[in-house]
Amino acid sequence: MTVPDAPPATGLSSAEAARRLAHDGPNRIPPPRLPSAARRLLAELTHAFAVMLWVAAGLAVLAGLPELGIAIVAVVLLNALFAFWQRARADRAAERLQALLPTRVQVLRDGRRRIVEADDVVVGDLLLLEAGDRVPADAVAVAAHRLLVDTSMLTGESETSAAGPGDTLFAGTFVVEGDGRATATATGAGTRLAGITRLATAPRREETPLTRELRRVVHLIAAVALGVGALFLGVSLLVGNPVQSAVVFAIGVTVALVPEALLPTVTLSLAWGSEQMARRQVLVRSLDAVETLGSTTFVCTDKTGTLTRNEMTVVEVWTPAGTVTVAEPGYGPTADVAATSAPARAAAAELALAAVRCSTGYAHEVGGVWRAHGDPMEAALDVLARRLGVDTDADRRRRPPTARFPFDPRTRRMAAVVDGAAVVKGAPDGVLGLCTAAPAALARARPAVEAMTARGLRVLAVAAGTGIGAHPSVAEVEAGLTLLGVVGLEDPPRDDVADALRACRRAGVRVAMVTGDHPATARAIADEVGLRRRGDPVLTGAELPASDRVLAAVLDHDGLVVARVSPEDKLRIAAALRSRGHVVAMTGDGVNDAPALHEADIGVAMGRSGTDVAREAADLVLLDDAFSSIVAGIEHGRATFVNVRRFLTYHLTDNVAELAPFVVWALSGGQFPLALGVLQILVLDLGTDTLSATALGGEPPHRHVLESPPVRGHLLDRGVLRRAFGLLGPVVAVLTMLAFVVSLLAAGWQPGGPLPDGDALRAASGAAFLTVVLAQTANAFACRSSTVRPGALGWTTNRLLLPAAAAELVFSLVVLLVPPVASALGQAAPPAVGWVVALLAAGAVLGVDAVDKAARARRRPA
């Protein structure tokens, strides 16, 4: 939208404003086109895994097994509803952004001051702005009187900025002090705020690594199930079964090979992971984010509040009388203050009181905790005065300022007048030049300023003057000042950051600081916490290469510091690192960060200091704003991926055992009876395996999970296939068939002879069923680790597994020993010898697993 001509001094006419409103539309941020609730629910019902189960349910009905079909449909529906509920907090960023605009504003129309709805503001309107107003549209200031604007929601900078004629004001920013007039240049969709909306609500990035891997598993399982089903259709026809019976049998085999419980197990595992992460102060807004965080290879972290405490603290005060140091961070009013002399302490108290008189921010107690109100640096000055024994509350009541001059970014200083005395505070280069009294002290101050700056401290100079009249000008206030001293402040690092950074490096995760702060301050904090090592670069947003390819190569460096970045810079940084194959986690807290959080693989918002918009655009929210919580989330995310492999091994082992009776039947030309029927397999998949598999999904992170780079490769890797199809699966399959055969022999059957009666056959099938249950119970403990035996891990360290195993055993005994239920499944209570084999099966599985792990441990290099 083009910038309009300057409006007349009387503002627009009502008729012209109405014409422009009809042409441009209301001053409203367009809502994003988000999928409806019905479409989101439909997506949960039609992804690859769900489609496979829908097909399985249809085949079950065709095969004359309606109960099986209904059960599978119930699994799909319940899983979809659970996942939909977990993700019901959809992206509402645009709604939050709209809330940042005022509802009613003052404009000049027809030469008169009018209050209109913010929706009715048009391009060319002359806006009348006062302290406390939100700017309703992008505008250019045409007149300003001490106009001070808080732009932190767009820039991420906590400092307010002065605005004068010709300066641009953005919709949604806040007028802190003064008043002014501005011409609206863009409304609604044309504002910068709306541009952020479009970036933050653009189509989401591609699917997560776990989603890709699960689809691959689904395709593989479906192909195997269909292939085996087709094979048994041919075998059944060859042994002389009628076509209809052969088709029904083949469909039953195909359905039996589909692990119906795998889908809800994955969903429940991710949900459990999100709950555990919440206990570590990480709130998960998207279930997929649980695993994706574990795949993270590059973390771009902000400085303030994440690596630091977000508590500005005065650590050193230089005065002509001496130096005062403060060791304890925070806003508490009591702390040890070390002074080189009593005069130095008194001079520091005088400086602190003067600085407080020139400030609007202060510290106050809330629920027993001291917090900053307003500018954190001004709150730190208030704390310094309190720690030096000054009653700042009483001083504010007795001596309010008679004149105040807000911070001016051009001169980098501000001033106030109290009881005829002037106080000026600001950047040393903006204050020291005004101090004409005591030149010797001024000469001694400059080395102190240089020393503090070299340490990465924020440095403020404070000066005072006398003899100020009732209505002074800025020039009168700033004339003939005496330097009181300089103050060094820092936002101290969090205590746990250094350990968390070391953990990231051991885990193969690169970390860069991406901040809007000054390069010197960013470098000092990065050096102090160990993020930056000798030789690691420090860049500014202005120095980033224009070429995306070159930018990606420059950024791909552990320990990098990028300062003075804009929202657009953060967006480019996330995209560039992703182009290098990194899984990127990006932190942010402001509205300006929302697009970058949306672009990164994992957007991480701040829970305490972050805006609603940033939290809505993010995948994770750090409830304590701490970097160490990101590391805890990475640990749980990696554990989740490994846990999916664990219960995948468990499910596939069961499938091998369930397939074995059909293989024996086929190899015997249909002469040997089936040890397990289709309904028994369904009960095993849904009734006895689900709880143990879910418990494996909740396996706590093992100690070594952060001692190596992120888990790579496929879910179905060589280790999973070897253990499921080459070791544990065949063991359970052999034991299952052994229990069946031994039970038949106990009933008087002889190989080659006629089969026993129906009761003996059902009892033998019951023995096979019980063997699978007990062997799989042992297998659940074996699958807790691919390298460590269960006893070494501790039998009770997974607090979910023992109750799950006990519940499954109770359920299996019910379906085996309650005659009506057992009869419906085609089984009966096993004979004594069947019980013996079934009980020995559990020990056999654990024994084979222990021997295999010990043998592989010996082959591994030391």
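Reader: How are α24 and α25 oriented to each other, roughly parallel or roughly antiparallel?

Author: This is a predicted model. In it, α24 (residues 627-667) and α25 (residues 678-688) pack at an angle of about 170°. Angles over 145 degrees count as roughly antiparallel, so α24 and α25 are roughly antiparallel.

Reader: And how far apart are the axes of α24 and α25?

Author: The axes of α24 and α25 are 11 Å apart.

Reader: Which residues in α24 and α25 meet?

Author: From α24 there are Tyr650, Asp654, Asn655, Glu658 and Phe662; on the α25 side, Val678, Ile681, Leu684, Asp685 and Thr688. By class, that contact has five nonpolar, two polar and three charged residues.

Reader: Other pair: what angle do α26 and α30 make?

Author: About 175°, with the axes of α26 (residues 690-697) and α30 (residues 801-817) 8 Å apart. That makes α26 and α30 roughly antiparallel. Thr690, Leu691, Ser692 and Ala695 of α26 make the contact with Leu801, Ala804, Ala805, Ala807 and Glu808 of α30. Those residues divide into six nonpolar, two polar and one charged.

Reader: Switching to the sheet. What's the strand order?

Author: The open sheet has eight strands in the order β8-β25-β24-β23-β9-β20-β22-β21, and the pairing is mixed. β8 (282-284) and β21 (538-540) are at the edges with a single partner strand each, so one side of each has no neighbour in the sheet. Neighbouring strands are turned by 20° against each other on average, ignoring direction.

Reader: In what sense do β23 and β24 pair?

Author: Parallel, over four bridges, between residues 584-588 of β23 and residues 602-606 of β24. Thr587 has Val604 in β24 as its bridge partner.

Reader: Which strands does helix α21 lie across?

Author: Helix α21 (residues 567-579) lies across β9, β20, β22 and β23, and runs at about 165° to β23. α24 packs on the sheet too, touching β8, β9, β20, β23, β24 and β25, with its direction at about 160° to that of β9.

Reader: Last thing, α27. Where does it bend?

Author: At Gly729, by about 45°, and Pro730 follows within four residues.

Reader: What should its span be, and how far apart are its end C-alpha atoms?

Author: At 1.5 Å a residue, the 29 residues of α27 (residues 718-746) should span 42 Å, and the end C-alpha atoms are 40 Å apart, which agrees. Just after α27, Gly748 has a positive phi of about 100°.

Technical notes: Residues numbered from 1 in each chain as written. Predicted model: local features only at pLDDT ≥ 70, side-chain atom pairs only at ≥ 80, totals over all residues. Heavy atoms only, no water. Helix = DSSP H or I, 4+ residues; strand = E, 2+ residues; numbered from the N terminus. Expected span 1.5 Å × (residues − 1). Bend = angle between axes of the 7 residues up to and from the residue. Pairing = 2+ DSSP bridges. Axes fitted to C-alpha atoms, helices over the stretch in contact; angles between N-to-C directions. Contact = heavy atoms within 4.5 Å. Parallel < 35°, antiparallel > 145°, perpendicular 65-115°, else oblique. Nonpolar A, V, L, I, M, F, W, Y, C, P; charged D, E, K, R; others polar.
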